[in-house]
Amino acid sequence: MAMKNHGIPEPATEGALQMTKKFFDLPIEKKMEARRDLQLRDLNKSSLIPDIIPTDRIPNPYGAGDMPEGFEFGREEHNPTGDNEEAGAVMAGANVWPAEEDIPGFREQILQYYYAAVSLGKSLFPIFALALDLPETFFDDKTQHSAALMKLLHYPPQTGPVDERVIGLGAHTDWECFTILWQEPGIQVLQVLNSEKKWIDAPPIPGTFVINLGDQFARWTNDIFKSTVHRAINRSGVRRCSIPLFFGTDYNVKLEPMPSCISPERPPKYEVITAGEYVKSRLEAAYNH
Ligand SMILES: O=C(O)CCC(=O)C(=O)O
Ligand SMILES: [Fe+2]
C-alpha cells in the first residue's frame, strides 16, 4: 500500500537520496570500509549480521541477476536490549559509517531521515492495533527497543537478456512487522504479487512511501495481515536507489496469534516463536545456504 500525508518533508528524502548516490559513487575500497559485518567480526560479535555489499538478505531463487549494493545501519545505541548480548548483536550491532572526509555530511543527513522515518513507523503501530480490534496502546510496551534497520540500496541498470533469471532482488517477503520503503522518483523497479498471483508494478508515487507488511506481523496476526510478496528488477537503463526501513518488534516478544485473529475456522497457523529468534532463524537460513 502507498502512504501519503506522512509528515516527512521532501527535502529529507531528497537529501537522503543525494547522499545515497554519493555513497555508491565512492570507490569500492571506501564502501568496503563501511561494512558492518567485518566490524562486528572484529569485535568478536555475531557473524550473523548480513553482508553489506552486496545485499543478499534472501537467497535469490534465480541467482543470476545483478544484486543491488546496500549500506545498512540501525539505531545508534549499542545493544539496546542491555542484558541480552545476543539480542543486541542480532537486532542492533554497531553502525559503521564511511569516513566523514570521504563523504561530508553523510551520517548527519542519513540519520536525520532515519529518525524521521523511525518516528513515522512508531506512529503506525496504534493504527495497526486499531485495525486488529486491539487497544491503541497494544504495541507500546512491545516496541520499546524494536529493531529499525535501514538500508540504502543501489540497483545498477540490468543489462543483457530480459528474462526471469535476470532479477535484481528476487521474490521475497520482508521478515519484520512492516517496511517503510522510499523509492527514487521516476524509475519503475518494484513489483508486488497481487491476490491473483500476478506481478504488478508498484511505481514510485511522488510524496508517498510504500508500506509492505512483513512476516513478524503475518505470524502474529495468524495471516490476517499477509506479508507482501515483492521483487525489484531494474530494467530502466539507469541506476536506481531505494531506502527501506524494516520495522520489527522487541526481541523477546512472543509472536503468539492475537485473540482477534484466531477462531475455530482460523486455527493458529504458525508455531509460536519470539520476534528475535524468528529474525535470527531467517538470517541463518539465508546465510548458511
Ligand atoms: O528496492 C526496492 O524497491 C525493494 C527493496 C526490498 O524489498 C528489500 O530490501 O527488502
Ligand atoms: Fe523487501
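Modeller: A residue is buried if 20 or more other C-beta atoms lie within 10 Å of its own, exposed if 12 or fewer, and partly exposed in between, with C-beta atoms placed from the backbone. This is a predicted model: local features need pLDDT of at least 70, side-chain atom pairs count only at pLDDT 80 or more, and totals for chains, interfaces and linings use all residues. Residues are numbered from 1 along each chain as its sequence is written, while chains are lettered from A and ligands numbered from 1 in the order in which they are written.

Colleague: Why does Y278 count as buried?

Modeller: Y278 has 24 C-beta neighbours inside 10 Å. The rule asks for 20 or more, so Y278 counts as buried.

Colleague: Where is Y278 found, and what does Y278 touch?

Modeller: Y278 sits in helix 7, residues 275-287. Helices are DSSP runs of H or I with at least four residues, strands are runs of E with at least two, and both are numbered from the N terminus. Beyond four places in sequence, Y278 touches Q216, R219, L255 and I273. Touching, or contact, means C-beta atoms within 7 Å, placed from the backbone. P185 is 33 Å from Y278, C-alpha to C-alpha, and 93 residues away in sequence.

Colleague: What makes strand 5 mostly covered?

Modeller: Six of its six residues are buried. F178, I180 and W182 point one way, while T179, L181 and Q183 point the other way. Both groups are buried.

Colleague: How do you know that strand 5 and strand 10 pair?

Modeller: DSSP must find at least two bridges between two strands. Strand 5 and strand 10 have six, in the antiparallel sense, so they pair. Q183 stands opposite S242 in strand 10. Strand 5 also pairs with strand 8 (residues 209-213), antiparallel, over four bridges. There, I180 has I211 as its bridge partner.

Colleague: What makes strand 4 and strand 7 edge strands?

Modeller: The open sheet of four strands has the order 4-9-6-7, with antiparallel pairing. Strand 4 (169-172) and strand 7 (199-201) each pair on one side only. Neighbouring strands of this sheet are turned by 20° against each other on average, direction ignored. Axes here are lines fitted to C-alpha atoms, for helices over the stretch in contact; angles run from 0 to 180 degrees between N-to-C directions. Within the sheet, three bridges join strand 6 (residues 190-193) to strand 9. Q191 stands opposite R231 in strand 9.

Colleague: Which residues of the largest nonpolar core touch the most other members?

Modeller: I180, F217, L245 and F247, out of 52 residues. Strand 3 gives the most to this core, with six residues. A nonpolar core is a set of buried Ala, Val, Leu, Ile, Met, Phe, Trp, Tyr and Cys residues joined through C-beta atoms within 7 Å. Leaving aside neighbours within four places in sequence, F217 is in contact with C177, F178 and F225.

Colleague: Which residues surround ligand 1?

Modeller: K151, L153, L169, D174, L181, Q183, V189, L190, H230, A232, S242 and P244. A residue is near a molecule if its C-beta atom, placed from the backbone, lies within 6 Å of it. Strand 3 (148-155), strand 5 (178-183), strand 9 (230-232) and strand 10 (240-247) each supply at least two residues of this shell.

Colleague: How many residues of each class does the shell around ligand 1 have?

Modeller: Seven nonpolar, three polar and two charged. Ala, Val, Leu, Ile, Met, Phe, Trp, Tyr, Cys and Pro count as nonpolar, Asp, Glu, Lys and Arg as charged, and the others, Gly among them, as polar.

Definitions and conventions:
Two residues are in contact if their C-beta atoms, placed from the backbone, lie within 7 Å.
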